[in-house]
Amino acid sequence: ARADAATTNIGGLVAGAVVTATSTMNGTVEAYIGANAANNATNVKTDIDVNDGAVRVEADAAMRSVAIVDGGGFVSLGVTVAVMLPTANLGGAYVRDGVNMQAGKLDVIAGFDDKDRVSMSAEARTDVTALTLGVAITVLKAAANVTGTVEAFVGAASGRTRGGDPAAVADISGQTDVRAMSDIDAVADTDGAGVAGLATVSIMEPKAVAGGRTRAYAGDGLDLNTDTLKLDADSNAFADASLTAVSVAGLGAGNGLFPIARVDSITETYVGEVAESARLTLADIEVRNGGARGAIDMDARSTTLAQSIANGGALAGAIAVNILNPKAELVGATRVYVGPRTDVFAGSILGDAVEVAAQAIATANGATGSFGVTVASFKSDATASRRTDAFDGASSFVDLGTGGALTLNALTDLDPPM
């Protein structure tokens with residue numbers, strides 16, 4: 001999806017103008033067996049028998065949303081260029097509760113591999129090449145926001161209770177792989193080539209937010225006979241906000257320059273209920289291996305970068321810039337867990353949550369001043385408060401038999417440094 005708005009040489013004592021470009025990409029891409037995720041499974045058996053063959057359920061997509069405001073030049077009063085809000089959303093791959101299956105291997109995948117992930121991106125740009133002769137721009141904004149869920153699961157969808165034929169069993173002689181892989185990018189940029197001749201810009205604020213959720217899980221009602229249930233979620237999230245080519249001269253004024261980059265995505269693998277669940281009944285998960293108990297292996301990995309850059313060129317001639325403050329923020333989480341109010345029957349559970357790299361970078365570059373220039377506040381803020389969690393949820397019951405092990409690990413890699 002793409003939206004463009006172009007303005008060139010607005011003049012003649014303009015009293016007020018708003019130029020807006022909004023681009024929204026909303027879509028659902030799904031591949032599934034059994035009931036749709038939006039519904040509870042009914043007591044009707046879905047039966048698939050490929051003997052020792054493989055069953056593969058795969059969803060993949062690349063979604064991009066772009067919004068651009070391009071102003072060739074502003075040469076009068078009261079012009080406002082504001083607000084761009086692109087978003088992107090996606091669905092996933094799943095095999096629901098109540099599906100009866102006989103196979104040698106089961107793959108449920110959203111995104112193929114590290115080179116072919118589900119891609120969601122939002123890009124917002126505001127470009128004003130010149131402001132002169134008393135132009136007033138109250139707010140110059142570019143906002144890019146990525147939300148949505150990339151998921152792969154077996155059993156009931158998150159937030160739904162088990163259903164379907166209670167006698168249904170997914171009988172997989174080999175391994176069951178459930179994998180979700182995403183690439184999330186949000187880019188916001190405001191460019192101003194020059195501000196001169198009593199021109200004022202109250203706020204320049206590009207804001208990029210890379211959010212959403214990437215998850216692989218085993219939901220309520222899963223009755224699985226398999227060697228190993230492998231749950232794998234892997235996400236790359238990047239937020240970039242930048243101010244470029246700021247040149248202010250001749251009694252102009254820029255009151256606030258605020259590029260903000262924020263990563264608040266969640267990457268997770270779990271069995272049973274999602275961590276935020278408020279349900280009161282127990283979710284039920286059973287993983288067997290013939291007459292023995294099966295293994296559950298969970299991995300959640302994230303690579304995150306929030307980058308905010310203010311590139312200031314030259315400030316001259318009685319200029320007042322009150323604040324120059326790029327901000328970069330890392331929040332959200334990478335986590336593996338047994339969900340709250342979940343009853344699990346298996347032989348072992350191994351879970352690893354790894355923040356492969358986490359960086360928050362805020363940079364203010366190249367500001368020079370002369371002839372009465374005043375910069376009241378000049379600072380860069382980089383905040384890293386992202387969580388890496390591994391836990392057994394409240395009111396859960398884990399039955400691993402004699403000698404079974406529950407091992408949950410959390411690791412944040414600080415190289416390269418935040």
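**Group meeting talk: tyrosines and a parallel sheet**

Buried here means under 20% relative accessible area, with exposed over 50% and partly exposed in between, using a 1.4 Å probe and protein chains only.

Quick housekeeping. This is a predicted model, where local features need pLDDT of at least 70, side-chain atom pairs count only at pLDDT 80 or more, and totals for chains, interfaces and linings use all residues. Residues are numbered from 1 along each chain as its sequence is written, and side-chain values use heavy atoms, with hydrogens and water left out.

So who sits beside Y337? The rings of Y270 and Y337 are stacked, because their centres are 5.0 Å apart and their planes at 5°. For the rule: rings of Phe, Tyr and Trp (its six-membered ring) pair if their centres lie within 6.5 Å, and planes under 30 degrees apart count as stacked, over 60 as edge-to-face and the rest as tilted. Y270 is in strand β25 and Y337 in strand β31 (residues 333-338), 67 residues apart. Strands are DSSP runs of E, at least two residues, numbered from the N terminus.

Y270 is buried too, at 0% relative accessibility. The structure holds six aromatic pairs, and in another of them the rings of Y217 and Y270 are stacked, with centres 4.8 Å apart and planes at 0°. Y217 comes from strand β20, 53 residues from Y270, and Y217 is buried at 1% relative accessible area. Which residues form the aromatic cluster? Y32, Y94, F153, Y217, Y270, Y337 and F391.

Now the sheet. There's an open one of seven strands, in the order β4-β10-β15-β20-β25-β31-β37, with parallel pairing. Two strands pair if DSSP finds at least two bridges between them. The edge strands, β4 (31-33) and β37 (387-392), each pair on one side only. Strand β20 (residues 213-218) and strand β25 (residues 266-271) run parallel and are joined by six bridges. T214 stands opposite T267 in β25.

Last topic, the cores. A nonpolar core is a set of buried Ala, Val, Leu, Ile, Met, Phe, Trp, Tyr and Cys residues joined through side-chain atoms within 4.5 Å. The largest has 63 residues, and V95, M101, V154, L229 and I296 touch the most other members. Strand β22 (residues 228-249) gives the most to this core, with six residues. And Y337 comes back here: a second, separate core of eight residues includes A37, F153, V274 and Y337.

Technical notes. Helix = DSSP H or I, 4+ residues; strand = E, 2+ residues; numbered from the N terminus.
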